[in-house]
Amino acid sequence: TAGLLYMTANHMLYTLGGVLLALGVTRVIPLVCSLYYGEGDALSFIISIMVTSGAGATLLLLFRPKDETIVLGHREGFIIVTAGWLLAAVFGSLPYVLEGIFPTYADAFFETMSGFTTTGATVIKKIEGLPRGIILWRSLSQWLGGMGIIILSIAILPFLGVGGRQLFRAELPGPVKDKLKPRIVEAARSLWLIYIIISLVEFILLLFGGMSVYDSLCHTFSTMATGGFSTKDASVGHYGSLYIDLVITVFMVAAGMNFTLHFLVLSGRIKTLFKDGEFLFFMAVIFIATALVTINIWGSVVAGAGESLRYASFQVVSILTTTGFVTHDFSQWPVLSQIILVLLMFIGGSAGSTSGGMKCVRFLLVIKHSYKELYRLVHPHAVIRVKLGENTVSPDIMASIWGFFVLYIALTLTAVLAMSLLGLDMITSVTSVAATISNTGPGLGMVHPMTNYSEIPYLGKWILSFCMLLGRLEIYTVLVLLIPEFWRK
């Protein structure tokens, strides 16, 4: 048993070494940007690349397995995913620390965790005054986190020999049933190929809208990751362009969809898009919420119907997909619109997307299950099954979904109480937790769209960082590590 534990620990450390090496290599991109603009932050990236890649290479050399194949169970998968994300945040914060961007390490960790979890919450007061290499790293960290640093490592470092299915299932956001490919490495590569193709299309379209190459790249990274980091203090609203708003809205919708659907559409199976129950529910939520918010702000906040529709549709899609881009200060909107947006944070995008939140498929199944219970009151002897498309949803899956809902709400309330104990007002406490655990970014109160999280107390930033991790890894992946039974034989 001791020998097996030793071998398993070696395999996990070896795998985490590959994650760190990949993370270090990707930092070459902002380094090139720093050298090009010559704004003095290149040395910070060079040192952080050496430290991160060095740590990864050391783990790879020290714990290289003797046999060719690494076998990891589901327990190891959960440990690696959670540890990999924490290591990404720790080592990813090095450029900020070395460049002296933040006064405390809590701020640097918060910003990095916000990036890799695609939350988009920031503690930076003046974004436009930062070196462009640092700003690019913020957006790139979101793009990497969007599909998952673990999947990235499996896709580009096949020499690890990791079986990977446990990692893939623990990492991919939401309850995804469909399989893109039979082998995990092929599946990861397929996902990244789709991700890169869609990103490239958005990048080109933003260039046509008048954005610079640099701004287009940064906003593409943030959009596809549904992250929301911008190069401007006023976010997308800085550009005041209807064309840019439309392009980013369309690609936020694309990023909020299940990537399995993208694969099927690109394979020529377009009809599957309109037969997918979750996608139809996702679009229905967008249309209904947009209509309500448009009517609500028309005349009271925005004069024209067209402008009201423009701002409402962008903000609804941005919040539902948990992107967090802003074109208008929704903290000044009527209460009804604010409540709708906060509710959309909890719903989130589709399973298998880069979005956060509870995911549309869970809400859809809960609605179906609740209707079934109401129907049984009228027809006690009727046999009714909850179905998603043509598939019957088993009672075990429904129990898991209800358990997820209870845990999600319980953890949210616990975090809200903790934030309120730090002296924050109710609106700030509630929306800061809602915005971080759903990986959305902007909230209300002290963290409204036109400000940031810099005034949140020191301890509060650590609490919200943990909320981001919980939300990004779908709660179970992190909490299962805290259960004593998990560590028993």
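**Helix packing around α15**

In α15, Val 285, Ala 289, Leu 292, Val 293, Asn 296 and Ile 297 meet Leu 336, Ser 337, Ile 340, Leu 344 and Ile 347 of α17, a contact being heavy atoms within 4.5 Å. The model is predicted: local features need pLDDT of at least 70, side-chain atom pairs count only at pLDDT 80 or more, and totals for chains, interfaces and linings use all residues. Residues are numbered from 1 along each chain as its sequence is written, and side-chain values use heavy atoms, with hydrogens and water left out.

Two packed helices are described by the angle between their axes and the distance between the axes. Here the axes are lines fitted to C-alpha atoms, for helices over the stretch in contact, and angles run from 0 to 180 degrees between N-to-C directions. For α15 and α17 the angle is about 160° and the axes are 9 Å apart. The two helices are therefore roughly antiparallel to each other, given that angles under 35 degrees count as roughly parallel, over 145 as roughly antiparallel, 65 to 115 as roughly perpendicular and the rest as oblique. The crossing of α15 with α17 is left-handed; a crossing is left-handed if the near helix is turned anticlockwise from the far one by less than a right angle, and right-handed if clockwise.

Helix α15 (residues 277-297) also packs against helix α16 (residues 305-320), at an angle of about 135° and with the axes 8 Å apart. α15 and α16 are therefore oblique to each other, and their crossing is right-handed. On the α15 side, Phe 282, Val 285, Ile 286, Ala 289, Thr 290, Val 293, Thr 294 and Ile 297 take part; on the α16 side, the partners are Ala 305, Ser 308, Leu 309, Ala 312, Ser 313, Val 316, Val 317 and Leu 320.

Leu 343 belongs to helix α17 (residues 335-347). Is Leu 343 buried or exposed? Leu 343 has a relative accessible area of 51% and is exposed, where buried means under 20% relative accessible area, exposed over 50% and partly exposed in between (1.4 Å probe, protein chains only). Its C-alpha atom is separated by 9.3 Å from that of Ile 319, 24 residues apart along the chain.

**The chain as a whole**

The chain contains 23 helices and 2 strands. Helices (H or I, at least four residues) and strands (E, at least two) are DSSP runs, numbered from the N terminus. Of the 489 residues in the chain, 57% are buried. Among contacts with a separation of 6 or more, 71% are between residues 24 or more positions apart.

Thr 118 is in the loop between α6 (105-116) and α7 (132-147). With 1% relative accessibility, Thr 118 counts as buried. Leaving out residues up to four places away in sequence, Thr 118 touches Gln 142, Gly 145, Gly 146, Ala 225, Thr 226, Gly 227, Thr 322, Thr 354 and Asn 439.

Asp 245 is placed in helix α12 (residues 242-255) and is buried, at a relative accessible area of 4%. With the residues up to four places away in sequence not counted, Asp 245 touches Val 236, Arg 310, Phe 314 and Thr 327.

Ser 235, not a glycine, has a positive phi of about 60°. Ser 235 is in the loop between α11 (213-224) and α12, and counts as buried at 9% relative accessibility. Ile 475 likewise has a positive phi, near 65°. Ile 475 lies in the loop between α21 (458-472) and α22 (476-479) and, at 0% relative accessibility, counts as buried.

**Aromatic rings**

Rings of Phe, Tyr and Trp (its six-membered ring) pair if their centres lie within 6.5 Å; planes under 30 degrees apart count as stacked, over 60 as edge-to-face and the rest as tilted. By this rule there are 20 aromatic pairs. In one of them, the ring centres of Phe 330 and Trp 333 are 6.5 Å apart and the planes stand at 65°, so the pair is edge-to-face. Phe 330 is buried at 2% relative accessibility, and Trp 333 is buried at 4%. Trp 143, Trp 192, Tyr 195, Phe 221 and Phe 259 form one aromatic cluster.

Charges also sit over rings, which requires NZ of Lys or CZ of Arg within 6 Å of the ring centre and within 35 degrees of the ring normal. The charged end of Arg 138 is over the ring of Phe 229, 3.8 Å from its centre. Arg 362 lies over the face of Phe 404, at 3.7 Å from the ring centre.
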